[in-house]
Amino acid sequence: MPAEDTIVAIATPPGRGGIGVVRLSGSRALEIAAGLLKLPHSRLETQRATVCDFVEPESQRVLDQVVVTCFRAPHSYTAEDVVEISCHGAPVILNYLVELCLERGARAAEPGELTLRAFLNGRIDLTQAEAVRDLIESRTLYQARVAAEQLEGSVSARLKPHKKVLVELIAKLEAGIDFAEDDVSVAGWDEILQSIEKIRADLGIFVQSYTYGRIVREGLSLAIVGRPNVGKSSLFNCLLNEDRAIVTATPGTTRDLVSESASVGGIPLRFVDTAGIRDALDEAEKIGVQKSMQAVTDSDLRLLVIDSSQPWSDEDARLLDKLRPLGALLVALNKSDLPRRIPEGVIESIFSVGKAAVPPSEDRAPSSESPVPSPVWRIPAVPSCALTGAGIHELREAILAVAVPARDLGGESGLITNLRHQQLIQESLGALAKAREAASAHVHHEMLLLDLYDALRPLDQITGATGVEDVLDVIFSTFCVGK
Ligand code: GDP
């Protein structure tokens, strides 16, 4: 049902800028806007930009020269009448324009209300509304691309065929019960099981993409650890430098930790440069070391930096032992421009023996070494030079391989990035598992229907509801009932 009131908001970010846009949406949008503008043809023309003056109502004094664009329902963002007034980006002008709209009967829009209206008016579904927010919040181009695919409806497109099969199955079973006397062909158990299995398999693959999708959406943190002077800060800067344009600085959480974010393979990666984890000399240093250790533990993955121009030291070994149990780990053999003082055999034995962070199947470090026997996990060790940048590309690739082993799953358009979607699909899968059991046990159709409706409901919460009429439509279009 269309909303009654007309809403208004400044659509551009706070602060000064080249332009600032005020957006009105609702049945009175054109009338309210027209009252504040000196229009060349005395009325707003739709689907075209009009240059005109924004005038003070009492004195008719010109306040700004603006460009007005007007969209008639339903061909607008909200599917209502929409007017966008592009002013110069002066906050006083924008605020005054909004104030005047409010005086004339508009209401200040709540955050996200324009998109909510687009949803309520049926122009977009829930997944698309959620994608608008993700697109606005994207920090890397890759994130934006994934959100844009979802804005086009990629999540719904992926789910709809399964919903259709589910609705058809429900319709057949309902028809079998409700129209038992009529000549209705009821699905056989094999057909029922096959349909359930097909949906289960596809939804199972789709839901798995969340492992990668979550990382794409939320990013990862990587702690850089190593003895003093091995080149941690230099590597940190190297890793950040490659994507300067989209690097965002975030203040360090403590005096001892510096953290900055960059895009690695389209994934926002927050690098945490630790103060150095070693045996503390005094109380003050102990606190610093504890903080660093906490940050290292909390990070999604860890990069141990080793100075390969120095012999392998006890301190390196102790650090490695501390890091091993914490999870995903990789090693930079830094200062590769200098003669190596850790022999290849030692590197092999240190990083390929014993318990390590990454199972061999997920180990995609660019290395030429022979495959490691299966019970032994490897830690990817990548030679790097922070002075020349040699090996940095390989290091980034190795970071990605450790961080997101499931990177190839699905591609941009087949990704779930939203926890809500993931949980609802899991719920649906749970109900489908019950439905399969029920069908295998040849239970009464009415019981089986309960599980199928339980499987359909969560999918409805993602893409929009299936009404009784949808089920009836299928019944009456598929069967010749009541002819
Ligand atoms: P941190 O204490 O581990 O953060 O180490 P820094 O990044 O401050 O580096 C310590 C010293 O090593 C500095 O003089 C760097 O210029 C130098 N350094 C860092 N990386 C390399 C490298 O790959 N090769 C060489 N030759 N020197 C490096």
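How do the axes of H4 and helix H5 (residues 141–151) cross? They come within 8 Å and cross at roughly 155 degrees. That makes H4 roughly antiparallel to H5, a label for angles over 145, while under 35 degrees counts as roughly parallel, 65 to 115 as roughly perpendicular and the rest as oblique. The axes are lines fitted to C-alpha atoms, for helices over the stretch in contact, and angles run from 0 to 180 degrees between N-to-C directions. Helices (H or I, at least four residues) and strands (E, at least two) are DSSP runs, numbered from the N terminus.

This is a predicted model, in which local features need pLDDT of at least 70 and side-chain atom pairs count only at pLDDT 80 or more, while totals for chains, interfaces and linings use all residues. Residues are numbered from 1 along each chain as its sequence is written, and side-chain values use heavy atoms, with hydrogens and water left out.

Stay with the first pair. The crossing of H4 and H5 is left-handed, meaning that the near helix is turned anticlockwise from the far one by less than a right angle; clockwise would be right-handed. H4 brings Thr127, Gln128, Ala131, Val132, Asp134 and Leu135 to the contact, and H5 brings Ala144, Ala147, Ala148, Gln150 and Leu151. Contact here means heavy atoms within 4.5 Å. By class, the contact of H4 with H5 has 7 nonpolar, 3 polar and 1 charged residues. Ala, Val, Leu, Ile, Met, Phe, Trp, Tyr, Cys and Pro count as nonpolar, Asp, Glu, Lys and Arg as charged, and the others, Gly among them, as polar.

Strand S1 (7–10), helix H3 (113–120) and helix H4 (126–137) each supply at least two residues of its lining. H3 gives the most, with 4 residues. In total, 17 residues line the largest pocket, and Arg23, Gly112, Leu114, Thr115 and Ile136 lie nearest its centre. The lining divides into 11 nonpolar, 3 polar and 3 charged residues. The volume of this pocket is about 470 Å³.

How are such spaces found? Rolling a probe the size of a water molecule over the atoms shows where empty space is left. On a 1 Å grid over the protein atoms alone, a cavity is a set of points where a 1.4 Å probe fits but cannot get out; a pocket is an open set with protein on both sides within 12 Å along at least five of seven lines; lining residues have an atom within 4 Å of a point. Grid points are joined across faces, edges and corners, and a volume is the space filled by probe spheres set on the points.

There is 1 cavity of 30 Å³ or more. The largest cavity has a volume of about 30 Å³. Leu220, Val264, Ile267, Leu269, Ile399, Leu400 and Ala403 line it. Strand S11 (267–273) and helix H13 (392–403) are the elements that give two or more residues to this lining. H13 has the largest share, 3 residues. By class, the lining has 7 nonpolar, no polar and no charged residues.

Now turn to H14. The axes of helix H14 (residues 419–440) and helix H15 (residues 445–463) come within 8 Å and cross at roughly 165 degrees. H14 and H15 are therefore roughly antiparallel to each other. Their crossing is left-handed. Among the residues that meet are Leu424, Ala431 and Ala438 in H14 and Leu448, Ala455 and Leu459 in H15. The contact of H14 with H15 has 13 nonpolar, 3 polar and 5 charged residues.

H14 has another partner. The axes of helix H7 (residues 189–208) and H14 come within 10 Å and cross at roughly 155 degrees. H7 and H14 are therefore roughly antiparallel to each other. H7 passes H14 in a left-handed crossing. The contact includes Trp189, Ile196 and Phe206 of H7, and Leu429, Leu432 and Arg436 of H14. By class, the contact of H7 with H14 has 14 nonpolar, 5 polar and 3 charged residues.

One loop remains. Most residues other than glycine have a negative phi, and most peptide bonds are trans. Proline 74 lies in the loop between strand S5 (62–71) and strand S6 (82–89). The peptide bond from alanine 73 to proline 74 is cis, with omega near 0 degrees. Alanine 79 is found in the loop between S5 and S6. Its phi is near 70 degrees, a positive value in a residue other than glycine.
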